[in-house]
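Please examine the sequence and the structure below before reading on.

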Amino acid sequence: CLIGRPNVGKSTLTNQLLDTPIAIASDKPQTTWYEVKGLINHPKAQIMLSDTPGIHNMIHKKQNQIMNRIAYSAVSSADIICHLVTATQYTEQDAYVHAFLAPISKHKILVINQIDRFKPEQLFPYIAKMQELGGYHSILSISAKSGTNCDLLLEEIIESLPSKEPLYSKKHIHDHSVAFLAQEMIREQL
């Protein structure tokens with residue numbers, strides 16, 4: 001399950017790992033309204049990846065409450081939780097997601113995204129600060145857009161998965177109808 005505040009790159013990472021654009025990727029926050037699932041058939045594992053709406057504490061609107069519930073539900077059914085944050089920007093909303101995850105005893109990975117936008121001297125102090133947070137099994141720095149270190153994240157996920165028989169046909173890459181995907185493509189263009 002990929003979670004985080006709005007606009008940290010969850011959908012971009014979903015598309016990068018699947019090597020297929022099934023999730024809307026946009027600069028506008030709260031573009032993802034639903035849980036979008038995609039299947040990775042890797043030689044070592046079968047992974048159902050779950051892209052979720054951004055979690056935030058501004059829940060005065062009914063739609064925001066519903067989107068948060070969708071994300072919380074995805075977390076409850078996941079074996080591994082990847083909490084995405086943006087490089088050099090740890091916000092109050094990131095802290096809100098961290099606090100939500102704290103009592104959950106699943107394998108958690110903190111994924112620092114957009115590292116391609118910053119110099120190493122900007123990144124290293126931020127990574128050190130993130131290590132002080134605690135509560136994560138590992139911390140990885142990636143660029144979902146360029147694919148930098150996404151292979152390392154995929155390996156970490158594969159190594160941490162519970163051993164199970166494959167649940168899905170290798171022909172499938174998602175669990176959505178053609179109508180849902182068409183709706184999402186139209187929303188992305190709008």
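Predicted model: local features only at pLDDT ≥ 70, side-chain atom pairs only at ≥ 80, totals over all residues.

A pocket is an open set of points on a 1 Å grid over the protein atoms alone where a 1.4 Å probe fits, with protein on both sides within 12 Å along at least five of seven lines, and lining residues have an atom within 4 Å of a point. Residues are numbered from 1 along each chain, and side-chain values use heavy atoms, without hydrogens and water. Local features need pLDDT of at least 70 and side-chain atom pairs 80 or more, whereas totals for chains, interfaces and linings use all residues.

**Pocket lining**
- The largest pocket is lined by 31 residues, and Gln46, Ile47, Met48, Asp79 and Leu161 lie nearest its centre.
- Strand E3 contributes the most to this lining, with six residues (strands are DSSP runs of E, at least two residues; helices are runs of H or I, at least four; both are numbered from the N terminus).

**Helix H1**
- Seven of the nine residues of H1 (residues 10-18) are buried, so this helix is largely enclosed by the rest of the structure (buried means under 20% relative accessible area, with a 1.4 Å probe and protein chains only).
- Leu13, Gln16 and Leu17 in H1 meet Cys150, Leu153 and Leu154 in H5, where contact means heavy atoms within 4.5 Å.
- H1 is followed by Asp19, which has a positive phi, near 60°.

Note on methods: Buried < 20%, exposed > 50% of the residue type's maximum accessible area, 1.4 Å probe, protein only.
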